[in-house]
Amino acid sequence: MTASDLRPVGEDDLHAFVDGRLDPGRRTAVEAWLAAHPEAAARVAADREVRDRLRVRLAPVAEEPIPARLRIANLAAPRRMGIPHWSTNAAAALLLALGGAAGWAGRGAVPGPGAPAEPMTQAAVSAFRTYVVEAAHPVEVRADGSSDLVQWLTARLGRPVTVPDLQAQGFRLMGGRLLPAGDGLAAMLMYDDDRGTRLTLYSRAGPSGGRGVFRYARADDVAAFSWIDSGMSYVVTARTDEARLLRVAQAVDAQVSGQRDGAR
Amino acid sequence: MDDLAVLIEPQIPALRRYATALLRQREAADDLVQDTLERAIRAWPQRREGDLRAWLFAILRNRYLEGVRRRRGIEVGVEALDTIADLGADPEAALGARDVLDGIAALPEEQRSVLLLVAVEDMSYAEVAAVLAVPVGTVMSRLSRARGRMRAFLDLAPTIVTGHLRRVK
């Protein structure tokens, strides 16, 4: 008998025994202990029965062929459904109202150029045009590796601010600034890539609740994607092609929503 | 996208099983799984190394909880979830015993998820802790409570209450 077998039997041992998670030495020790403790042995037997019944009952689901609609290939260009479709129709109706019928193109299949931009997108594009040409002071607070930028924005806006990492999309954070937006404030983060292409992420409090599709807008040479999610509105703007900007928008969206999901 | 399919699709049967146990409605469960997979595909570029199964189950559970909260906020209580029969009847139920899935449904969600992930999905306690984002000790205490309640619900065995032994009727 090894030293570990001499440890007193605990509740955790009994659960691990039920779940078949004890190593052989420990299992022998627990079995011996259970032989001397019939009440505990009865509970363990009952827990095993519950386990078996649950498994038998739920096994058929996992043995079925999976529905075609759940194949990853069929989801690769998914309809963008922020509110789970298993939620109520009322919720779906709300989402539709927020998104607007015109915006309800599938993800990746966005309205073409000429779609009228919303006021927020116009504000974001104006801010982009104003500050992107700035050589000396494109941002108010530089991203210099410290967390000052995040702290400053969070303090000024009174809500946690996520600064997405867009390195995978080829963009480095330059810094950020605050902008007046109606009766509140908007945060604008600026990124650039190796070729000097600058990109902004504009965010501010938006319609509460719900989620919208990515909306595409183009004004001359500037492209923008906007969307709403959980009480925030976001716009990414850059002089780049639609496909690249969409990848950035998706990455930003995944990071700001991924944090809430605990999807680490 | 092929790589993604090779990694994620093997998890789909188990995700459907967990979703079905949570919702007890086949269509709704598949909607929840679809929503989970769409979320996972979008968040994939930001996923850090780690346990893929725990990551997917965590997304599913969070989407489920969000949906429950939202429904509560709108008008329908979580209790209004339909129970459906197409899982097949519990063979024990025919003998007069209670349906094990009714027992699961009667548990608080945090206990229900722990028991399902441990007993049905065969996750380690550490993996369950990762799914629920709680310490392992919390998983163990929820598991204890869930098992105690299930024994009582199914009238299976004596339960020790504060050191005393009593029969649960």
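Two strands pair here if DSSP finds at least two bridges between them. Helices (H or I, at least four residues) and strands (E, at least two) are DSSP runs, numbered from the N terminus. This is a predicted model, where local features need pLDDT of at least 70, side-chain atom pairs count only at pLDDT 80 or more, and totals for chains, interfaces and linings use all residues. Residues are numbered from 1 along each chain as its sequence is written, while chains are lettered from A and ligands numbered from 1 in the order in which they are written.

**View 1. The open sheet of chain A.** Seven strands line up as β1-β2-β3-β4-β7-β6-β5, with antiparallel pairing. The edges go to β1 (141-142) and β5 (215-219); each has a single partner strand, so one side of each is left without a neighbour in the sheet.

**View 2. β4 beside β7 in chain A.** Strand β4 (residues 198-205) and strand β7 (residues 232-238) pair in the antiparallel sense over seven bridges. Look for A:Ser203, which sits opposite A:Tyr234 in β7(A).

**View 3. Helices α7 and α8 of chain B.** The axes (lines fitted to C-alpha atoms over the stretch in contact, with angles from 0 to 180 degrees between N-to-C directions) of α7 (residues 109-120) and α8 (residues 125-132) come within 10 Å and cross at roughly 140 degrees. On the α7(B) side, B:Ser113, B:Val114, B:Leu117 and B:Val118 meet B:Val128, B:Val131 and B:Leu132 of α8(B); contact takes C-beta atoms, placed from the backbone, within 7 Å.

Terms used:
Contact = placed C-beta atoms within 7 Å.
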